[in-house]
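Here is a short briefing on one protein model. Keep the sequence and the 3D view open as you read.

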Amino acid sequence: MASIDKLVVYLLALLNRGYTPSVALLLSALMVAGTGYLVWRRSREAAPTLKALAAANKSLEAVRGAEGADAARTALAAAYQDVAAAILNSDDPALRHAWDEFEESIIDPAAPQLSSSVHAGEFFEPLIERSRGLFFWANIMVAIGLVFTFLGIMAALGNTALAISAAGDAATMQKSLQDLLNVTAAKFMTSFAGVAASIVLR
């Protein structure tokens with residue numbers, strides 16, 4: 001059993017020599033760069049949708065300023081064609097498709113007050129699913145950061161255990177412990193990068 005423990009400590013020491021603070025910094029930089037790329041790609045994909053929704057939202061100012069539910073419904077009916085034009089002129093085919101399906105649920109588009117047979121959310125909420133990938137990557141970034149942090153701490157402890165067992169005086173042991181603390185602090189960078197990336201992605 002003791003020989004297995006020594007083997008594990010030795011392997012961790014070898015890992016610690018390869019997983020230096022500079023490697024932890026590199027891994028953190030890669031996670032930050034990957035997060036930046038994911039956010040940039042998603043923002044480009046979402047740009048046509050956001051542009052169309054901003055134009056539609058502008059057409060709804062009268063609805064927001066209306067006093068009472070009946071006045072709001074009347075204002076919505078008056079702004080309906082402008083909202084429809086803003087969405088149907090969008091470069092986002094999924095948004096246009098959702099609007100087409102929503103229009104089919106409207107009982108009478110020419111009525112003074114609009115009503116539909118199905119709640120609008122049934123058609124537009126599926127568009128949110130396109131952003132679920134960011135939640136997946138948010139969890140992955142945290143997992144990567146924690147795995148490499150614990151891996152680094154285990155490796156640093158293994159290396160320190162070897163150094164202390166081979167040390168012949170208190171000064172060498174003290175230096176080994178100082179090195180352990182310095183290396184461990186550096187390897188927490190991956191956890192910080194993973195959590196920060198997760199917050200940005202969410």
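This is a predicted model: local features need pLDDT of at least 70, side-chain atom pairs count only at pLDDT 80 or more; totals for chains, interfaces and linings use all residues.

The protein has nine helices and zero strands. Its largest pocket has a volume of about 420 Å³.

**Overall fold**
- Along the sequence, the pattern reads α-α-α-α-α-α-α-α-α.
- The protein has 202 residues, and 30% of them are buried.
- Take the contacts between residues at least 6 apart in sequence: 71% of these join residues at least 24 apart.

**Helix 2 against helix 4**
- The axes of helix 2 and helix 4 lie 8 Å apart, and the two helices pack at an angle of about 170°.
- Angles over 145 degrees count as roughly antiparallel, so helix 2 and helix 4 are roughly antiparallel to each other.
- Helix 2 makes the contact through Ala-52, Ala-55, Ala-56 and Ser-59.
- Helix 4 contributes Ala-79, Asp-82, Val-83, Ala-86 and Ile-87 to this contact.
- By class, the contact of helix 2 with helix 4 has seven nonpolar residues, one polar and one charged.

**Largest pocket**
- The lining of the largest pocket has 18 residues.
- Nearest the centre of the pocket lie Leu-76, Val-83, Trp-99, Phe-102 and Ala-120.
- Helix 2 (21-59), helix 4 (69-88) and helix 5 (93-105) each supply at least two lining residues.
- Helix 4 gives the largest share of the lining, five residues.
- The lining divides into 14 nonpolar, three polar and one charged residues.

Conventions: Residues are numbered from 1 along each chain as its sequence is written. Side-chain values use heavy atoms; hydrogens and water are left out. On a 1 Å grid over the protein atoms alone, a cavity is a set of points where a 1.4 Å probe fits but cannot get out, and a pocket is an open set with protein on both sides within 12 Å along at least five of seven lines; lining residues have an atom within 4 Å of a point. Grid points are joined across faces, edges and corners, and a volume is the space filled by probe spheres set on the points. Helices (H or I, at least four residues) and strands (E, at least two) are DSSP runs, numbered from the N terminus. Ala, Val, Leu, Ile, Met, Phe, Trp, Tyr, Cys and Pro count as nonpolar, Asp, Glu, Lys and Arg as charged, and the others, Gly among them, as polar. Axes are lines fitted to C-alpha atoms, for helices over the stretch in contact, and angles run from 0 to 180 degrees between N-to-C directions. Angles under 35 degrees count as roughly parallel, over 145 as roughly antiparallel, 65 to 115 as roughly perpendicular and the rest as oblique. Contact means heavy atoms within 4.5 Å. Buried means under 20% relative accessible area, exposed over 50%, partly exposed in between (1.4 Å probe, protein chains only).
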